[in-house]
Amino acid sequence: MFEALRHWAEGVVADYGYWGIFIVSFTESIIQPVPPDPFITGGTAFGLIPVYAALIAAFGSVLGGLVGYFLGKFLGEPILKKFISEKHYEKGEILFRKYGIWAVIIAGITPIPFKVICWMAGIFEMPVFGFLLAAFIGRFPRFLFMAFFGQWLGSL
């Protein structure tokens, strides 16, 4: 199944360029497991403009993250409470309220599953504006690095 998703994502980027990067970035922030990084790198290695690719990927990822946020807000709490105790839920809520912005930024920059943090932000009702700002601050530098890395690879 993962291989089929990877081929689908590669085809989307190859066939649709910037729109493909947007689609992969958007869907990865909600549920699908294929990260947009290799598609950004590959796209810029083959001629896409790095800043455009990074911005489009960041906007796609943040918008997809917003969908994940609202899914968490409206559907996530009952699901999460089936898997963890009320005590652990309350501890998670306290931690997320205190460090939620940092969690979103760190998940945006690192390989921590961004979609999970997006859902958690919604479950624990992080302010939407703070979520959006933190998501962009985390995602854009990562994607910009990958885009320029791809351009460098394409010049070799």
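In which helix does Ser 61 lie? Select Ser 61 and you'll land in helix α4. Helices here (H or I, at least four residues) are DSSP runs, numbered from the N terminus. Before going on, know that this is a predicted model, where local features need pLDDT of at least 70, side-chain atom pairs count only at pLDDT 80 or more, and totals for chains, interfaces and linings use all residues. Residues are numbered from 1 along each chain as its sequence is written, and side-chain values use heavy atoms, with hydrogens and water left out.

**Stop one: around Ser 61**

Is Ser 61 buried or exposed? Ser 61 is buried, at 0% relative accessible area. The scale goes like this: buried is under 20% relative accessible area, exposed is over 50%, and partly exposed is in between (1.4 Å probe, protein chains only). Now show what Ser 61 touches: leaving out residues up to four places away in sequence, you get Ser 25, Phe 26, Ser 29, Phe 114, Arg 139 and Phe 143. A contact means heavy atoms within 4.5 Å.

**Stop two: α2 against α4**

Colour residues 18–28, which are helix α2, and residues 50–83, which are α4. Two packed helices are described by the angle between their axes and the distance between the axes. For α2 and α4 the angle is about 30 degrees and the axes are 7 Å apart. Axes are lines fitted to C-alpha atoms, for helices over the stretch in contact, and angles run from 0 to 180 degrees between N-to-C directions. On the α2 side, select Tyr 18, Ile 21, Phe 22, Ser 25 and Phe 26; they meet α4 residues including Tyr 52, Ile 56, Ser 61 and Val 67. The residues of this contact divide into 11 nonpolar, 4 polar and no charged. In that count, Ala, Val, Leu, Ile, Met, Phe, Trp, Tyr, Cys and Pro are nonpolar, Asp, Glu, Lys and Arg are charged, and the others, Gly among them, are polar.

**Stop three: α4 against α7**

Next, bring up helix α7, residues 128–155. α4 and α7 pack at about 145 degrees, with their axes 8 Å apart. Their contact divides into 21 nonpolar residues, 3 polar and 1 charged.

While you're here, click Val 51, also in α4. Val 51 is partly exposed, at 35% relative accessible area. Apart from neighbours within four places in sequence, Val 51 is in contact with Leu 144 and Phe 148.

**Last stop: the rings**

Finally, show the side chains of Tyr 69, Phe 70, Phe 74 and Phe 131, which ring pairs link into a cluster. Rings of Phe, Tyr and Trp (its six-membered ring) pair if their centres lie within 6.5 Å; planes under 30 degrees apart count as stacked, over 60 as edge-to-face and the rest as tilted. The whole structure has 12 aromatic pairs. One of them, Tyr 69 with Phe 70, is edge-to-face, with 5.1 Å centre to centre and 85 degrees between the planes. Phe 70 and Phe 74 are stacked, because their planes are at 15 degrees, with centres 6.1 Å apart. Tyr 69 is buried at 1%, Phe 70 is partly exposed at 31%, and Phe 74 is exposed at 60%.

Technical notes. Helix = DSSP H or I, 4+ residues; strand = E, 2+ residues; numbered from the N terminus.
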